Amino acid sequence: MPWISNRTLHKIEQRREAKKTFGKQSEQYKDRNKEVKNAIKNDKKEYLESHLSHIEICNLTHSSREMYSGINRLMWSFTPRLSAIKDKDGKTLTENEEISNRWKEYCSEMYEDNTNEEMKQVESNDEILEPTRSEVEWAIKQLQKGKSAGNDEIHAEMIKASGEQGIDIFHKLCKKKYGLKKSGLTNG
C-alpha cells in the first residue's frame with residue numbers, strides 16, 4: 001500500500017514481536033495493535049490529502065489530463081479477471097488450455113483462404129489509385145493527439161507539427177509504397 005510510512009512499518013514490526021513474545025491476548029500486543037491501526041489510518045489520511053491537493057492544483061492550472069489521471073489512480077480498485085470464452089457450440093470454456101486451443105482454432109479459420117478462383121481474378125484486375133497529396137494531408141489532420149507512438153516511436157503530434165514539408169514527405173512515402181505494391185515487391 002503506497003500510503004504506509006516507514007514509522008508505521010516499524011510499529012507493525014513491534015506488534016509482530018509483541019505477538020511472538022507475549023501472545024495475542026496480552027495488553028502489550030493490544031496496545032501495539034491500536035497504535036498500528038491509528039498509524040495506518042493517519043498515513044492513509046495524509047496520502048489522500050496530498051493526492052487531493054495535487055488534483056486541486058491540476059484543476060486550477062487547467063492540467064485536465066493530469067487531473068483526470070490522478071482521479072483515476074485514486075478511484076482504481078483491483079477487480080479479478082475471469083477468463084472465459086465460448087466455443088462454436090456455445091459451451092463456455094474456462095480452462096487456459098481450452099481457451100488457448102479455441103483461439104488457435106478461431107484464428108486458423110479466420111485466415112483460411114475460402115475465395116474461389118473467379119473472385120481472385122476479379123481482385124487482381126482491380127486498379128488501386130495512387131494516393132493524392134490532399135488525401136495524405138486529410139489523413140494527417142485526422143490523427144488524434146495524445147496517443148502512444150508505434151514501433152517507429154513517431155507521435156501524431158510530431159507528424160502534425162511537420163507542416164507542409166512533412167505532408168510532402170509523407171505523400172512521397174505513400175507513393176513509393178504504392179509503387180512497390182503495384183510492382184508486387186511487397187506483401188502489403
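# Questions on a predicted helical model

The secondary structure of the protein chain comes to eight helices and two strands. Helices (H or I, at least four residues) and strands (E, at least two) are DSSP runs, numbered from the N terminus. This is a predicted model, in which local features need pLDDT of at least 70, side-chain atom pairs count only at pLDDT 80 or more, and totals for chains, interfaces and linings use all residues. Residues are numbered from 1 along each chain as its sequence is written, and side-chain values use heavy atoms, with hydrogens and water left out.

Biologist: In what order do the elements of the protein chain run from the N terminus on?

Modeller: The chain has eight helices and two strands. Read from the N terminus, the order is α-α-α-β-β-α-α-α-α-α.

Biologist: What share of the 188 residues of the protein chain counts as buried?

Modeller: Buried means under 20% relative accessible area, exposed over 50%, and partly exposed in between (1.4 Å probe, protein chains only). Of the 188 residues, the buried share is 15%.

Biologist: How are α1 and α2 oriented to each other, roughly parallel or roughly antiparallel?

Modeller: Axes are lines fitted to C-alpha atoms, for helices over the stretch in contact, and angles run from 0 to 180 degrees between N-to-C directions. The axes of α1 (residues 6–22) and α2 (residues 27–60) come within 9 Å and cross at roughly 160°. Angles under 35 degrees count as roughly parallel, over 145 as roughly antiparallel, 65 to 115 as roughly perpendicular and the rest as oblique. The crossing angle therefore makes α1, relative to α2, roughly antiparallel.

Biologist: How do the residues of the contact of α1 with α2 divide by class?

Modeller: Contact means heavy atoms within 4.5 Å. On the α1 side the contact includes I12, A18 and F22, and on the α2 side it includes Y29, V36 and I40. Ala, Val, Leu, Ile, Met, Phe, Trp, Tyr, Cys and Pro count as nonpolar, Asp, Glu, Lys and Arg as charged, and the others, Gly among them, as polar. The division is seven nonpolar, four polar and eight charged.

Biologist: Which hand does the crossing of α2 and α3 have, left or right?

Modeller: α2 and α3 (residues 64–75) pack at about 155°, with their axes 8 Å apart. That angle makes the two roughly antiparallel. A crossing is left-handed if the near helix is turned anticlockwise from the far one by less than a right angle, and right-handed if clockwise. Here α2 passes α3 in a crossing that is left-handed.

Biologist: Which residues of α3 meet α2?

Modeller: From α2 come L48, H51, L52, H54, I55, C58 and N59. By class, this contact has seven nonpolar, four polar and two charged residues. The α3 side consists of E66, M67, G70, I71, R73 and L74.

Biologist: How many disulfides does the structure hold?

Modeller: A disulfide is a pair of cysteine sulfur atoms within 2.5 Å. C58 is buried, at 4% relative accessible area, whereas C107 is partly exposed at 32%. The number of disulfides is zero.

Biologist: Is R102 buried or exposed?

Modeller: R102 lies in helix α4 (residues 96–110). Beyond its neighbours within four places in sequence, R102 is in contact with I85, K86, D87, K88, L93 and E109. Its relative accessibility is 13%, so R102 counts as buried.

Biologist: Where is H62, with its positive phi, found?

Modeller: Most residues other than glycine have a negative phi. H62 has a positive value, near 60°. At 71% relative accessibility, H62 is exposed. Its place is the loop between α2 and α3.

Biologist: What is the relative accessible area of E153?

Modeller: E153 is not a glycine, yet has a positive phi of about 60°. It lies in the loop between α6 (133–141) and α7 (156–161). E153 is exposed, with a relative accessible area of 55%.

Biologist: How far apart in space are F170 and V136, C-alpha to C-alpha?

Modeller: F170 sits in helix α8 (residues 163–183) and is partly exposed, at 26%. Not counting residues up to four places away in sequence, F170 touches V136, I140, I159 and S162. F170 and V136 are 34 residues apart in sequence, and their C-alpha distance is 7.1 Å.
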